[in-house]
Amino acid sequence: MVYIIVLLISVACSIILRKIFINLKIIDKINHRSSHTVIATRTGGIVLFSTIFLYSTYLYFIGFQPYDFSILIPISILFATGLYDDIYHVDFGLKFIFQIIAAKLLVDMGFVIDIFSIFGIEYNFTRTLTQLISIFVYVAIFNAYNFIDGIDLNIILETVKSMIIMMFLFNYSDDLMKLMIIIIIILISIVPFNINKKTKVFMGDSGSLIIPVILIFFINQGVLFSEDKNILKYLALIFIYPILDLLRVAIIRIKKGASPFKADKNHLHHIINKITNNHIKSSLIIFNSSLIIQLILILIF
């Protein structure tokens with residue numbers, strides 16, 4: 001019953017928010033970097049955040065806390081930052097500051113990268129190094145995930161795939177599994193709007209910035225009850241595609257003498273979409289390719 005209610009709320013939010021944004025003329029402006037030619041709104045992230053927030057509020061009022069609600073603080077900070085950017089297009093420096101704040105909050109919640117191990121060799125970081133490495137990695141992941149939201153379906157497929165992989169990797173409690181299924185339902189409910197030219201909806205920065213926080217949360221929850229505490233390994237596994245794309249694009253930009261933060265159309269999804277000229281085909285190619293890499297990494301790890 002909960003899943004049906006979540007689905008209905010998500011669909012209703014998508015329809016209502018899109019109409020409100022269009023009436024307010026807050027639409028995704030078409031420019032040289034755009035991969036669409038129709039009217040679209042960046043309301044997918046609002047749907048995701050609002051539905052999760054409503055569900056968490058419901059749990060709070062019935063006195064049930066299946067997870068630490070404080071995770072909503074860094075999520076809310078990045079949601080507000082992303083939403084403001086979706087509407088007003090803020091400077092990257094300001095976004096970067098709030099990303100660091102959100103990353104520090106994750107560290108303060110105990111989501112730290114304090115161990116590095118490979119081929120049986122284990123190294124424990126000092127407290128200071130742990131803080132610096134954790135913040136650096138999390139901020140890199142925030143930006144990497146933000147970069148892959150460039151064509152239809154891409155970020156949704158990548159997120160759903162990653163969550164399903166984590167369901168098999170870790171032994172979650174029934175309540176956390178329920179939360180993961182709810183998030184998957186919300187994302188799937190956005191798909192018809194994302195691929196439909198008449199009702200085009202993007203996740204926007206408000207969505208692409210909070211999704212990695214959600215994934216980091218679930219990875220940490222999984223590692224918490226796992227014998228293997230090497231969280232860096234699992235972060236690399238889940239975020240392998242966004243991280244590789246980020247590194248590749250940053251290197252290309254630096255070689256050209258440009259800022260690594262300057263937006264362009266050199267991302268993997270842009271290149272593949274030039275070949276296929278079809279967003280769905282491009283996203284499915286990336287989905288299958290990254291899945292193969294992740295399965296290989298699982299076997300290696």
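Colleague: Leucine 8, is that one buried or exposed?
Modeller: Leucine 8 is exposed, with a relative accessible area of 56%, where buried means under 20%, exposed over 50% and partly exposed in between, using a 1.4 Å probe and protein chains only. This is a predicted model, in which local features need pLDDT of at least 70 and side-chain atom pairs count only at pLDDT 80 or more, while totals for chains, interfaces and linings use all residues. Residues are numbered from 1 along each chain as its sequence is written, and side-chain values use heavy atoms, with hydrogens and water left out.

Colleague: Where is leucine 8 found?
Modeller: Leucine 8 is found in helix H1, a helix being a DSSP run of H or I with at least four residues, numbered from the N terminus.

Colleague: New topic: which loop holds lysine 25?
Modeller: Lysine 25 has its place in the loop between H1 and helix H2 (44–61), and its phi is near 60°, a positive value in a residue other than glycine.

Colleague: What do most residues do there?
Modeller: Most residues other than glycine have a negative phi.

Colleague: And how accessible is lysine 25?
Modeller: Lysine 25 is exposed, with a relative accessible area of 73%.

Colleague: What about the phi of asparagine 277?
Modeller: Asparagine 277 is not a glycine, yet it has a positive phi of about 55°; the residue sits in the loop between helix H12 (268–276) and helix H13 (279–300), and asparagine 277 counts as exposed at 67% relative accessibility.

Conventions
Helix = DSSP H or I, 4+ residues; strand = E, 2+ residues; numbered from the N terminus.
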